[in-house]
Amino acid sequence: MLCWGYWSFGFPGSDSTLQAVIPEPQTTEFVHKRNVKEVACGKNHSVFLLEDGKVYTCGLNTKGQLGHERQGGKPEQINALADQHIVHVACGESHNVALSDQGQLFSWGAGSDGQLGLTMTEDAVTIPRLIKKLNQEMILQVSCGNWHCLALAADGQFFAWGQNNYGQLGLGKEFPSQDTPQRVRSLDGVPLSQVAAGGAHSFALSLSGAVFGWGKNTSGQLGLSDEKDRESPCHVKLLRTQKVVYISCGNDHTAVLTKSGGVFTFGAGSCGQLGHDSLNDEVNPRRVLELMGSEVSQIACGRQHTLAFVPSSGMIYAFGCGTKGQLGTGHICSFKCPSPVKGHWAAYDEQISGRADACAYYIVKHIFSGGDQSFVICSEKENSLPADDFRTINHSNHTCLINDNTIDMWRQKLSERNNSNSVKVAISGANLQNVFMFLTLEPLLARSPFLVLHVRRSNLVGDALRELSIHSDVDLKKPLKVIFDGEEAVDAGGVTKEFFLLLLKELLNPIYGMFTCYSDSNLLWFSDTCFVEHNWFHLIGIICGLAIYNFTVVDLHFPLALYKKLLNVTPGLDDLKELSPLEGRSLQELLDYPGEDIEETFCLSFTICKESYGVVEQKNLVPDGDKIPVQNNNREEFVDAYVNYVFNVSVHEWYTAFSSGFLKVCGGKVLELFQPTELRAMIMGSSKYNWKDLEESTSYKGDYSATHPTIQMFWETFHEFPLEKKKRFLLFLTGSDRIPIYGMSSLRMIIQSTSSDERYLPVAHTCYNLLDLPKYSSKETLSTRLTQAIDHYEGFSLA
């Protein structure tokens with residue numbers, strides 16, 4: 001075991017009673033003859049669990065938190081637990097809980113807030129005592145906050161006790177602090193895989209990856225988009241698409257690990273503990289971009305710092321407060337971005353076999369962090385096992401899967417939802433179907449919380465029609481995830497954007513004749529005749545609705561008249577002027593003509609001539625229109641009939657199919673809140689390009705800054721590109737060549753340095769508007785490689 005950070009009364013293996021700051025990993029004498037399994041840290045004390053089930057402690061002992069009366073300058077065994085085989089330990093600020101192999105909990109240390117769960121509130125308990133209230137339960141997990149505890153039982157019951165000043169027990173507003181374990185009934189029936197406690201906030205994770213948070217939220221540490229405390233478990237909806245598998249909490253911040261190895265952080269950021277190259281708090285879960293491209297398998301949060309382990313490279317990264325050496329970088333300072341922990345690390349023996357310096361490496365097994373301390377438990381090089389992977393579920397530590405009892409419990413909850421005395425269900429479900437959709441549990445029972453479309457590039461329209469036809473109106477309002485057959489990209493937004501672009505490109509292909517493009521306005525309108533089924537128009541309507549629901553800009557050049565019709569506003573002559581300026585001006589001239597000889601001058605009847613594939617046809621605007629001349633007294637009626645024919649009569653069946661698809665997704669009273677121009681902007685975005693805004697709003701990672709030579713060459717090259725090439729770069733970077741209605745700066749482009757040499761092309765992470773840019777030696781090379789990347793763009797890969 002190696003350790004670093006801040007220690008009161010010395011550190012493991014030292015007899016010194018001096019406080020020490022250890023800025024880089026050091027081995028300890030304590031473990032030379034002992035195998036450490038777990039480490040837990042309080043504010044000024046530490047607890048060590050050995051593989052044989054024995055427990056040792058060191059540090060401050062003002063509240064009896066060491067469980068023995070000896071000096072805390074070095075780890076000493078807690079003899080009171082010698083007869084128990086302990087399998088897990090957890091620390092609060094000044095209290096501890098130990099879990100035995102029999103599922104029993106023992107607690108000791110500070111108890112003034114009831115955090116020991118011993119019925120009688122005592123200021124300090126110096127000897128571990130059994131928590132009798134839970135004696136009949138088989139406890140699987142326990143986690144400690146500063147002054148509260150959470151425990152999960154094998155039968156699915158979830159308990160909390162201790163301080164409740166911020167609602168961290170999840171029991172509701174009416175409950176004060178509790179000195180004995182209380183059942184958190186709002187999560188009954190939800191199969192849980194993990195419970196985690198922060199300083200004064202709490203989390204529970206379901207087997208399906210649903211994240212629930214409650215308690216203190218003054219820094220946004222619950223990830224609920226605000227800073228309001230919560231007294232009951234609330235679903236963190238912004239994480240529902242991420243497949244969260246593990247949660248770690250600091251004092252006022254939270255980190256989550258996804259199945260794909262991504263790390264999201266939120267909450268207090270004043271020390272850089274979120275890793276976003278910023279000291280700002282984050283109220284929404286935000287991915288640590290510096291760790292993108294690497295699969296993280298372990299995370300651990302200390303009081304104001306965070307650790308992450310990447311097995312593929314054997315790197316341990318740390319970020320946050322480092323003033324007490326807790327980052328292990330060798331420096332006594334804080335870091336806002338992930339920085340390597342000093343030392344030679346590997347995830348398994350094969351990574352270093354054959355290396356001349358192999359003896360200098362440590363095989364990482366498990367990382368721990370707490371308070372202002374950090375630890376790494378390492379394996380012996382001989383017969384070493386691979387590092388632990390927090391993404392692998394330990395089936396012995398989570399509750400049962402769905403069964404008849406679980407479903408009966410849900411039914412009972414739902415039948416009681418109108419009972420004012422019933423406890424509010426955390427999932428806030430209105431019916432059983434919503435419960436299943438929300439939890440995404442067993443495949444035979446569950447409804448996905450996403451609208452998932454599986455499509456092939458070779459048959460995009462047919463597959464989209466097939467996939468969307470099987471979904472209900474409710475399904476269409478879920479977040480969209482697109483999977484291209486045979487491609488491995490994880491859809492975090494970019495794949496969806498490309499799906500919209502490619503599908504609309506196919507649907508708008510002139511060979512299908514679905515739309516007419518007016519050359520003098522470059523706008524599209526429904527054709528009088530086409531060669532496709534109505535369901536193709538229905539599909540375009542659905543796509544437009546999905547674009548709004550999924551905050552995706554699509555480049556559909558429809559006139560404002562379409563959006564007026566969707567909002568039940570009648571199009572007029574001004575709309576025809578926008579669509580077909582020549583026709584609009586001609587009709588305006590008719591209306592404005594001052595003379596009485598309209599019939600002789602214009603020679604018009606109530607008809608309209610339309611060309612279709614080289615054949616000109618005359619259509620009546622009213623019954624027997626070809627026999628009704630346009631005169632001074634009926635010219636306004638003629639103009640109204642003409643406009644009505646263009647926007648309504650001639651396209652009725654195609655527009656009806658389109659609108660039914662659009663309203664299937666976006667129908668309802670909320671649509672009435674929009675003006676036509678606002679609705680158009682929601683779908684199409686803007687084409688008001690301000691390239692300087694893009695440059696000024698871009699941020700840089702790694703070795704890059706605005707003054708770096710490669711960055712200066714990049715912007716010089718980019719600004720020399722013609723407009724169409726700049727738009728293709730936007731498509732390459734963001735998946736769309738148009739910009740959101742909030743302007744170019746809202747794209748928040750990020751350019752980060754890479755270790756690739758200049759033979760490699762730039763790589764766009766479309767989901768995050770992130771550009772990996774190698775350090776090119778010349779402007780010519782940069783221009784050539786960037787052009788190649790842009791011109792060859794199509795398709796997503798994680799390679």
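User: How many residues does helix H11 have, and how far does H11 reach from its first C-alpha to its last?

Analyst: This is a predicted model. H11 covers residues 635-647, which makes 13 residues. The helix reaches 18 Å, close to the 18 Å expected at 1.5 Å a residue.

User: Which residues of H11 are buried?

Analyst: Start with the general idea. An α-helix has 3.6 residues a turn, so residues three or four places apart point the same way. Now the case here. The buried residues are Arg-635, Phe-638, Val-639, Ala-641, Tyr-642, Val-643, Tyr-645, Val-646 and Phe-647.

User: Now two helices. At what angle do H6 and H12 pack?

Analyst: Look at the angle, then at the axes. H6 (residues 534-549) and H12 (residues 652-666) pack at about 35°. Their axes lie 7 Å apart. The crossing is right-handed.

User: Which residues meet there?

Analyst: Contact means heavy atoms within 4.5 Å. From H6, the residues include Phe-537, Ile-540, Gly-541 and Leu-546. From H12, they include Trp-654, Ala-657, Phe-658 and Gly-661. By class, the contact of H6 with H12 has 13 nonpolar, six polar and two charged residues.

User: On to strands. Which way do the residues of S23 point?

Analyst: Sort them by side. Gln-298 and Ala-300 point one way from S23. Ile-299 and Cys-301 point the other way. Are they buried or exposed? All are buried.

User: What joins S23 to S24?

Analyst: Four bridges join S23 to S24 (residues 305-310), and the two strands run antiparallel. Ile-299 stands opposite Ala-308 in S24. A hairpin of three residues also joins S23 to S24.

Terms used
Residues are numbered from 1 along each chain as its sequence is written. This is a predicted model: local features need pLDDT of at least 70, side-chain atom pairs count only at pLDDT 80 or more; totals for chains, interfaces and linings use all residues. Side-chain values use heavy atoms; hydrogens and water are left out. The expected span of a helix is 1.5 Å times one less than its number of residues. Buried means under 20% relative accessible area, exposed over 50%, partly exposed in between (1.4 Å probe, protein chains only). Axes are lines fitted to C-alpha atoms, for helices over the stretch in contact, and angles run from 0 to 180 degrees between N-to-C directions. A crossing is left-handed if the near helix is turned anticlockwise from the far one by less than a right angle, and right-handed if clockwise. Ala, Val, Leu, Ile, Met, Phe, Trp, Tyr, Cys and Pro count as nonpolar, Asp, Glu, Lys and Arg as charged, and the others, Gly among them, as polar. Two strands pair if DSSP finds at least two bridges between them.
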